[in-house]
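These are my notebook entries on a single protein chain. I recorded what I looked up, one topic at a time.

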Amino acid sequence: MDAVIVDTNVIVIANDTDDDDRRDCRDLCQDRLQQIWDQRETVILDNGWRILGEYEDNTNPNSRKGIGDLFVKRLLQNLGNPNICTMMPITPSVRNGADFEEFPSDDALSGFDPDDRKFIAVAVAYENVHQQKAILLQAVDSQWYGFREALVENGLEIEFVCETYIRDLYERRNAS
């Protein structure tokens, strides 16, 4: 069974209802979340609820009915079902609260957003335990696009759901 780690922005963009500028990206995120269910990909989360907590902070799984809300609701309802999701332990670094022992110690990743390191740590932990890679899904965070080569060099697999959008955003932000 394939495994995925879904960045929160994929879920948030899937819920987007009023941003015509990102309509194509929204449709791609909605399709990708549906593919996770259809293809029975397992969603990988950390057992400290860092990722799931971030999902809950950015959705309304009990009141709204966007695709992202429904995705999070289904995860919450199936935490004990390893065919739906797998909880992985990650080890917070003693240095600070945002680093994890599983995060690659590569100078090329030293500027990577501390808030997003949990996703990388979960991917590394999952591969260490299961000898299988989990694909990291990313929608609109252009910083990830800037670190894509360093992430791949560290053995991570990333799927940019909205690749054209994120590449264009990255290029615009780095043109000046």
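Predicted model: local features only at pLDDT ≥ 70, side-chain atom pairs only at ≥ 80, totals over all residues.

**Entry 1: strand 4.** I began with strand 4, which spans residues 134-138. I looked up its pairing and found that strand 1 (residues 3-6) runs parallel to strand 4, with 4 bridges between them. Within this pair, Val 4 has Ile 135 as its bridge partner. I then turned to strand 5 (residues 157-160), which also pairs with strand 4 in the parallel sense, over 4 bridges. Here Ile 135 has Glu 157 as its bridge partner. Next I asked why strand 4 can be called largely enclosed by the rest of the structure. The reason is that 4 of its 5 residues are buried.

**Entry 2: Phe 119.** I moved on to helix 5, residues 117-130, which contains Phe 119. Is Phe 119 buried or exposed? Its relative accessibility is 0%, so Phe 119 counts as buried, the cut-off being under 20%. Leaving aside neighbours within four places in sequence, I listed the contacts of Phe 119; among them are Ile 5, Val 6, Leu 136 and Trp 144. I also looked up Ala 175, 56 residues away from Phe 119 along the chain, and found 28 Å between their C-alpha atoms.

**Entry 3: Arg 117.** Arg 117 also lies in helix 5. With 8% relative accessibility, Arg 117 counts as buried. I looked for a polar contact and found one between the side chains of Arg 117 and Asp 99, at 2.5 Å. Beyond neighbours within four places in sequence, the residues in contact with Arg 117 include Phe 100, Phe 103, Leu 109 and Phe 112.

Conventions:
Residues numbered from 1 in each chain as written. Heavy atoms only, no water. Buried < 20%, exposed > 50% of the residue type's maximum accessible area, 1.4 Å probe, protein only. Helix = DSSP H or I, 4+ residues; strand = E, 2+ residues; numbered from the N terminus. Pairing = 2+ DSSP bridges. Contact = heavy atoms within 4.5 Å. Polar contact = N/O pair within 3.5 Å; in protein donor to acceptor, adjacent residues only side chain to side chain.
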